[in-house]
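User: I am new to this structure and would like a close look at a single part of it. Could you walk me through the place where the ligand sits?

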Amino acid sequence: MSAPIETDVVIVGAGPVGLFSVFELGLNDISCHLVDILDRPGGQCAELYPEKPIYDIPGYPEITAQGLIDKLMEQIKPFNPTFHFSQMVESLERLPDGRFGLTTDAGTTFRCKAVVIAAGGGSFQPKRPPVAGIEAYEGTSVHYAVRRMDDFRGQDVLIVGGGDSALDWVLNLQPVAKSITLLHRRDDFRAAPHSVDQMRALVADGKVSLVIGQVQSLKGDNGQVTAAVVKDKDNNELEIACTKVLPFFGLTMKLGPVANWGINLEENLIPVDTARFETSEPGIFAIGDINTYPGKIKLILCGFHEAALMTQAVYKIVYPEKRHVFQYTTSSSSLQKKLGVL
Amino acid sequence: MAKITYITADGTTYEVDAEDGSTVMEAAIHNQVPGIEAECGGACACATCHVYVEEPWTEIVGPPQPMEEDMLDFGYDVRPNSRLSCQIRVSAAIDGMIVRVPDRQG
Ligand SMILES: Cc1cc2nc3c(=O)[nH]c(=O)nc-3n(C[C@H](O)[C@H](O)[C@H](O)COP(=O)(O)OP(=O)(O)OC[C@H]3O[C@@H](n4cnc5c(N)ncnc54)[C@H](O)[C@@H]3O)c2cc1C
Ligand code: FES
């Protein structure tokens with residue numbers, strides 16, 4: 001594990017609200033790092049509806065969700081935030097010196113003065129395919145991601161799905177696995193056309209078998225899969241022998257590790273006060289879709305407002321000796337210097 | 001306005017009046033039809049509004065668009081008459097339509 005990263009604030013989640021926090025904190029000379037499980041900024045906007053227009057962002061009669069994220073990225077550029085993508089914050093603890101320690105599943109550690117949880121609908125996690133009893137095999141022979149290719153060496157691998165993840169792993173694992181079967185419900189693939197072409201070439205060469213159908217159940221014991229029972233498109237049942245199964249059924253949002261951080265929760269949301277947006281743990285703040293308070297609505301614009309108020313409270317933690325001076329970006333030369341416009 | 005009948009997995013029937021221009025998903029949510037979750041609010045991004053369209057309405061509503069077909073890959077027990085209800089617009093043409101709700105949404 002490398003040395004901990006020291007910063008004022010760690011923001012958990014790089015959705016629109018986490019991104020705008022960088023701006024508000026930055027104007028107040030508060031530096032931050034952001035962590036997100038996704039491989040890019042934007043949270044729900046980027047993952048769920050990038051092409052859809054949003055009509056209720058003040059000042060934008062219409063903007064696509066991705067367009068908004070692009071604008072936010074441009075807006076926070078002067079503050080040079082550091083992003084840690086494709087990582088999930090797993091643990092959060094208070095240190096003896098009053099600061100906080102955070103650790104991600106990739107082993108990155110942080111030491112910071114305040115934590116902003118902007119975790120939205122929760123962490124994006126792989127969807128479990130609709131197969132009864134699949135839980136019993138998870139982690140041993142059913143995997144939702146490939147952590148080490150070596151785990152698949154010499155194995156009979158069944159890959160289920162028709163998107164980029166499924167096709168990429170067909171192509172990458174084919175040289176190391178004993179056999180690869182790709183199972184998809186239709187003979188049409190969402191994945192990038194060149195991956196589909198490469199996959200079809202491997203099928204034509206007899207190096208990959210392609211089955212059109214849907215998994216009904218898994219056979220095996222003690223967590224070790226031996227075969228998948230599949231219904232093909234003509235409703236015939238067949239068995240595919242396999243020792244590893246890799247289902248790729250997209251992502252869903254789950255609260256995830258936030259539940260284990262010792263913060264009070266209310267139906268999977270974090271209750272906060274509406275002056276500071278602080279959780280039950282002093283120094284830990286929650287803004288955006290993840291929080292709840294009387295009158296809360298899950299709108300981006302409400303999250304932006306929460307970010308501005310949260311910043312006032314965080315300022316007092318980061319600069320306890322300083323008096324906060326309220327300034328407008330329009331007229332304050334010091335703010336304009338920070339934004340690089342003066 | 002169109003009448004739509006939803007039959008849930010346990011056989012309960014819900015008959016609702018749906019407004020033109022809304023979607024079959026929205027009509028279900030507004031009338032609290034159980035089993036239609038619509039996590040993404042109709043963005044064709046979650047496949048939790050999956051329904052089976054009964055004959056003869058299958059032909060009338062037509063097949064899914066490519067984006068919807070892609071999203072159906074994430075559905076549970078997808079069949080030839082599967083559709084995502086957020087992608088079916090309500091109009092007089094579908095008055096009387098019957099859809100079945102699967103026993104789970106993925
Ligand atoms: C289809 C659709 C349409 C919408 N339309 C509108 C609209 O028109 N107007 C509007 O105002 N709102 C709309 N919304 C809601 C809006 O998208 C949300 O309010 C907004 O995305 C919330 O932003 P957020 O930053 O709080 O959270 P999110 O966007 O949910 O981002 C949270 C991020 O935190 C990450 N995360 C969570 N836990 C961890 C962890 N432990 N470690 C690392 N990362 C973590 C997640 O991966 C995620 O990327 C819509 C939502 C949907 C789904
Ligand atoms: S509501 Fe999400 S796909 Fe229809």
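Analyst: Happy to! Ligand 1 is surrounded by residues from chains A and B, so its site is shared between chains. This is a predicted model, in which local features need pLDDT of at least 70 and side-chain atom pairs count only at pLDDT 80 or more, while totals for chains, interfaces and linings use all residues; side-chain values use heavy atoms, leaving out hydrogens and water. Residues are numbered from 1 along each chain as its sequence is written, with chains lettered from A and ligands numbered from 1 in the order in which they are written.

The shell around ligand 1 holds 35 residues, each having a heavy atom within 4 Å of the ligand. The closest are A:Asp36, A:Tyr49, A:Asp56, A:Asp289 and B:Cys40. By type, the shell divides into 20 nonpolar, 11 polar and four charged residues (Ala, Val, Leu, Ile, Met, Phe, Trp, Tyr, Cys and Pro count as nonpolar, Asp, Glu, Lys and Arg as charged, and the others, Gly among them, as polar).

Now for some individual atoms. An oxygen atom of ligand 1 lies 2.5 Å from a polar side-chain atom of A:Tyr49. For A:Gln44, an N or O atom of the side chain is 2.8 Å from a ligand oxygen, and A:Val17 brings a backbone N or O atom to 3.1 Å from an oxygen of the ligand. Taken alone, ligand 1 exposes 1,000 Å², and the protein buries 91% of that (areas come from the Shrake-Rupley method with a 1.4 Å probe).

How values were computed
A polar contact is a pair of N or O atoms within 3.5 Å; within protein, one must be able to donate a hydrogen and the other to accept it, and residues adjacent in sequence count only if both atoms are side-chain atoms.
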